[in-house]
Amino acid sequence: MAPSDSHGHVLFNQVLNSNDRARAQTQGGGATSGNSKEKRFLCMFCNKGFRYPQKVEIHQRIHTGEKPFSCNQCHMRFAQAGTLKRHQRVHTGEKPFSCTHTHCGKRFSERLYLRTHQQKNHSTLYHRK
Ligand SMILES: [Zn+2]
Ligand SMILES: [Zn+2]
Ligand SMILES: [Zn+2]
């Protein structure tokens, strides 16, 4: 006989019940409807959700390898219009990203290049010699 054990069990159940009640309240009834920003168009390859069918189509090209956008100045092809546009900076020489360090002022065509430059040249973490 261990009466303290059964008492503890009852307490445990009460805690569980109150937790359930709190969860139901924060979920507002628990129904899945009413979410206006629902992403109901799913990628058939990775199940990523999108709000518009066009977005799924464009996203799925990263899985299918389809590249409908071709550069008119070289033979490279791209899956997304934005990627092509970014690529074409190598032809136009456009460099929208400039180093914020006053005595540097180097310019880069891609944010990643700028960040790499700043890490290599202006960060103590990457300071060499
Ligand atoms: Zn996907
Ligand atoms: Zn090109
Ligand atoms: Zn710099």
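User: Why does phenylalanine 50 count as partly exposed?

Analyst: In this predicted model, phenylalanine 50 has 17 C-beta neighbours inside 10 Å. A residue is buried at 20 or more and exposed at 12 or fewer; the count of 17 lies in between, so phenylalanine 50 is partly exposed.

User: What makes asparagine 47 exposed?

Analyst: Asparagine 47 has 7 other C-beta atoms within 10 Å. The limit for an exposed residue is 12 or fewer, and therefore asparagine 47 is exposed.

User: Where is asparagine 47 found, and what is its phi?

Analyst: Asparagine 47 belongs to the loop between strand 1 (41-42) and strand 2. Its phi is positive, about 65°, although asparagine 47 is not a glycine.

User: Which residues does phenylalanine 50 touch, not counting those up to four places away in sequence?

Analyst: The contacts of phenylalanine 50 are Lys39, Phe41, Lys55, Val56 and His59. Contact requires C-beta atoms within 7 Å. Phenylalanine 50 itself sits in strand 2 (residues 49-50). Its C-alpha atom is separated by 6.2 Å from that of arginine 40, ten residues apart along the chain.

User: How do you know what confidence the predictor has in the protein chain?

Analyst: The mean pLDDT is 80, and 68% of the residues reach 70 or more. Over residues 27-34, pLDDT stays under 50, and the model has one contact beyond four places in sequence for them.

User: What does UniProt list for "domain: C2H2-type"?

Analyst: The unreviewed UniProt entry lists residues 41-68, 69-96 and 97-123. In the model, residues 69-96 are 39% helix and 14% strand, with end C-alpha atoms 22 Å apart. Residues 97-123 are 44% helix and 15% strand, and their end C-alpha atoms lie 18 Å apart.

Note on methods:
Residues numbered from 1 in each chain as written. Chains lettered and ligands numbered in written order. Predicted model: local features only at pLDDT ≥ 70, side-chain atom pairs only at ≥ 80, totals over all residues. pLDDT = per-residue confidence, 0-100. Contact = placed C-beta atoms within 7 Å. UniProt positions renumbered as here; feature names shortened; annotations may be inferred. Helix = DSSP H or I, 4+ residues; strand = E, 2+ residues; numbered from the N terminus.
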